[in-house]
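Trainee: Hi! I'm new to this one, could you walk me through it?

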Amino acid sequence: MTHIRKSTVLITGGASGIGKLMGSKCLQRGASRVLVWDINPAGLQQTYQEFSEAGYEVHTWQVNIGDTAQVQQAAHDVQSRFGAPEILINNAGIVVGKPFVEHSMAEIEQTLQVNVLGAMLVTRAFLPAMVKRGSGHIVNIASAASLLPNPRMSVYAGSKWAVLGWSESLRLELEQTGPNLKVTTVMPSYIDTGMFAGVRAPLLTPILQPDAITEAILNAIEHNKILLRKPFIVNLLPLLRGILPTRVFDTVAGRWFGVYTSMNDFTGQPAADPKPAYATKP
């Protein structure tokens, strides 16, 4: 098992949504400290205040994880003070919900920088120390969108397909390196945090509640679960895509379950400034 209790946990995108909730729950489960990386200074300040006033040890960094220099600087600061975290949760992500032809080049680049490059950069910054120590648990928040196509979220889906492929490949590498180097990949459907405001839940795929999915993620970490797919029907996607002809699958997923129209009324929420200055709070 991976023990959250007495662990140092680092969470990217940890100042809002399920990232913040996971941080809170890790502290409630006895984590020694939570290190929060986020791009939003106001969110970081609020998170620091709430967690510290509750009597927990929390440290925050304002970091754009898509920026190599900022990641390296923040990671150096973390490791000089605490060493590599025992648990690293790559949670930060953004989505642009519109047809691909309407995406700007900047939107495409930013989505890939945060969702894909960011997770890789942060992991790469801490992985050598984890390997040297012989232990560490990396958690990558992918998406149910990593398992099937979906109109109006092509770049987001593409980024999450990349995260899944990278995360599973990394897992296999680390299993060959040492028995206490773990990777968990999480593939949730839509979560009710505001990130996917306006979406319509597909048939038999309820919009997940933050409290329930964060509990499931932390339980998966503690039990070294390799893959976590939520809700249960997401587990059927690989099987259905594997056995059904593509046009039949499109009919089932698109027409019967309504997956392919789930983003039609997407509004989402404004993204934070993508170019913050590096900062840290003790």
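Trainee: Where does Lys 6 sit?
Mentor: Lys 6 lies in the segment before β1 (8-12). Keep in mind that this is a predicted model.

Trainee: Is Lys 6 buried or exposed?
Mentor: Lys 6 counts as exposed, because its relative accessibility is 66% and the cut-off for exposed is over 50%.

Trainee: What is its phi like, for Lys 6?
Mentor: Phi of Lys 6 is positive, about 70°, although Lys 6 is not a glycine. Leu 204 also belongs in this part of our chat: its phi is near 65°, a positive value in a residue other than glycine.

Trainee: And where do I find Leu 204?
Mentor: Look in the loop between β6 (181-188) and α6 (210-222). Leu 204 is exposed, with a relative accessible area of 57%.

Trainee: While we're on backbone details, which residues does the cis peptide bond join?
Mentor: Lys 230 and Pro 231 are joined by a cis peptide bond, with omega at about -5°. Pro 231 is in the loop between β7 (227-230) and α7 (237-243).

Trainee: OK, what are the angle and the axis distance for α1 and α2?
Mentor: Helix α1 (residues 17-28) packs with helix α2 (residues 41-53) at an angle of about 20°, and the axes are 11 Å apart. That makes α1 roughly parallel to α2, because angles under 35 degrees count that way. The crossing of the two, α1 and α2, is right-handed.

Trainee: Which residues make the contact between α1 and α2?
Mentor: From α1, there are Lys 20, Gly 23, Ser 24 and Leu 27; from α2, Gln 46, Thr 47, Glu 50 and Phe 51. Sorted by class, the contact of α1 with α2 has two nonpolar, four polar and two charged residues.

Trainee: What about α1 and α6, at what angle do they pack?
Mentor: The angle between α1 and α6 is about 55°, with their axes 10 Å apart. That makes α1 oblique to α6. The crossing of α1 and α6 is right-handed.

Trainee: Which residues of α1 meet α6?
Mentor: On the α1 side they are Ile 18, Leu 21, Met 22, Lys 25 and Cys 26. They meet Pro 210, Asp 211, Ile 213, Thr 214, Glu 215, Ile 217 and Leu 218 in α6. By class, the contact of α1 with α6 has eight nonpolar, one polar and three charged residues.

Trainee: Now strands, please. How many residues of β3 are buried?
Mentor: Five of the five residues of strand β3 (residues 58-62) are buried, so β3 is largely enclosed by the rest of the structure.

Trainee: Which residues of β3 point which way?
Mentor: Val 58, Thr 60 and Gln 62 point one way, and His 59 and Trp 61 the other. In general, side chains in a regular strand alternate between the two faces of the sheet.

Trainee: How many bridges join β2 to β3?
Mentor: Five bridges join strand β2 (residues 33-38) to β3, and the two run parallel.

Trainee: How many bridges join β1 to β4?
Mentor: Three, and β1 and β4 run parallel. The partner of Ile 11 in β4 is Ile 89. β4 also pairs with strand β5 (residues 136-141) in the parallel sense, over four bridges. There, the bridge partner of Ile 89 in β5 is Val 139.

Trainee: Last one: where is Ala 253?
Mentor: Ala 253 is in helix α8 (residues 246-256), and it is buried, with a relative accessible area of 5%. Not counting residues up to four places away in sequence, Ala 253 touches Gly 258, Val 259 and Tyr 260.

Conventions. Residues are numbered from 1 along each chain as its sequence is written. This is a predicted model: local features need pLDDT of at least 70, side-chain atom pairs count only at pLDDT 80 or more; totals for chains, interfaces and linings use all residues. Side-chain values use heavy atoms; hydrogens and water are left out. Axes are lines fitted to C-alpha atoms, for helices over the stretch in contact, and angles run from 0 to 180 degrees between N-to-C directions. Angles under 35 degrees count as roughly parallel, over 145 as roughly antiparallel, 65 to 115 as roughly perpendicular and the rest as oblique. A crossing is left-handed if the near helix is turned anticlockwise from the far one by less than a right angle, and right-handed if clockwise. Contact means heavy atoms within 4.5 Å. Ala, Val, Leu, Ile, Met, Phe, Trp, Tyr, Cys and Pro count as nonpolar, Asp, Glu, Lys and Arg as charged, and the others, Gly among them, as polar. Buried means under 20% relative accessible area, exposed over 50%, partly exposed in between (1.4 Å probe, protein chains only). Two strands pair if DSSP finds at least two bridges between them.
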